[in-house]
Amino acid sequence: MKRIIFLIAIAGLTTTLFAQKEFLGNWTTVSDKTGEKESIVRIFKATNGLYYGKIEKLLQPQYAGKNVLCDKCKGADKDKPVEGLIIVRDMKYEDGKLVGGTVLDPDSGNTYYAAITYDASTGKLTLRGSIDKRGILGRSQTWIR
């Protein structure tokens, strides 16, 4: 009986760890307004167990080869280069989603509550940024691998 419970626990843990890995890696952000590819964001799990997203590269032609700064950002991110900027912060894996953190919009400098879901059938992420914690007042953006 103990062996069966142990095997079920291991199977559950393995499934959970595999599901969490689906979020990791490089994702191409696509504008929900224009449909154009905007940047490559790398989602990673930090040593504190939380998930973060860092802009690795800007894809818009007008920014090619330029050191674009986040001039509208506030606090410690003000005037930092957009490439290399951590825009997804403090997300935790819960019920198959990344929740509880924030997302920074470098274009406006605003920070929003965030939730990220992974659609296994399409292989895409959906990031929901909102001004309320429940995600009602906001907008969604789809990211592709």
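Predicted model: local features only at pLDDT ≥ 70, side-chain atom pairs only at ≥ 80, totals over all residues.
In what follows, Ala, Val, Leu, Ile, Met, Phe, Trp, Tyr, Cys and Pro count as nonpolar, Asp, Glu, Lys and Arg as charged, and the others, Gly among them, as polar.

At least two lining residues come from each of β2 (37-45), β3 (51-58), β5 (97-105), β7 (124-130) and β8 (138-144). Of the contributors, β8 gives the most, namely five residues.

For the second largest pocket, the volume is about 160 Å³. The residues that line this pocket are V99, G100, G101, Y113, A114, A115, R128, S130, K133, R134 and G135. Two or more of them are supplied by each of β5, β6 (110-119) and β7. Sorted by class, the lining of the second largest pocket holds four nonpolar, four polar and three charged residues.

Turning to the backbone, most residues other than glycine have a negative phi. Two aspartates are worth a look here. D79, which is not a glycine, has a positive phi near 65 degrees, and it sits in the loop between β3 and β4 (86-94). With a relative accessible area of 41%, D79 is partly exposed. D90 also has a positive phi, of about 55 degrees, but its place is within strand β4. The relative accessibility of D90 is 37%, so this residue too counts as partly exposed.

Definitions and conventions. Residues numbered from 1 in each chain as written. Heavy atoms only, no water. Helix = DSSP H or I, 4+ residues; strand = E, 2+ residues; numbered from the N terminus. 1 Å grid on protein atoms, 1.4 Å probe; cavity = no way out; pocket = protein on both sides within 12 Å on 5 of 7 lines; lining within 4 Å. Points joined across faces, edges and corners; volume = space filled by probe spheres on them. Buried < 20%, exposed > 50% of the residue type's maximum accessible area, 1.4 Å probe, protein only.
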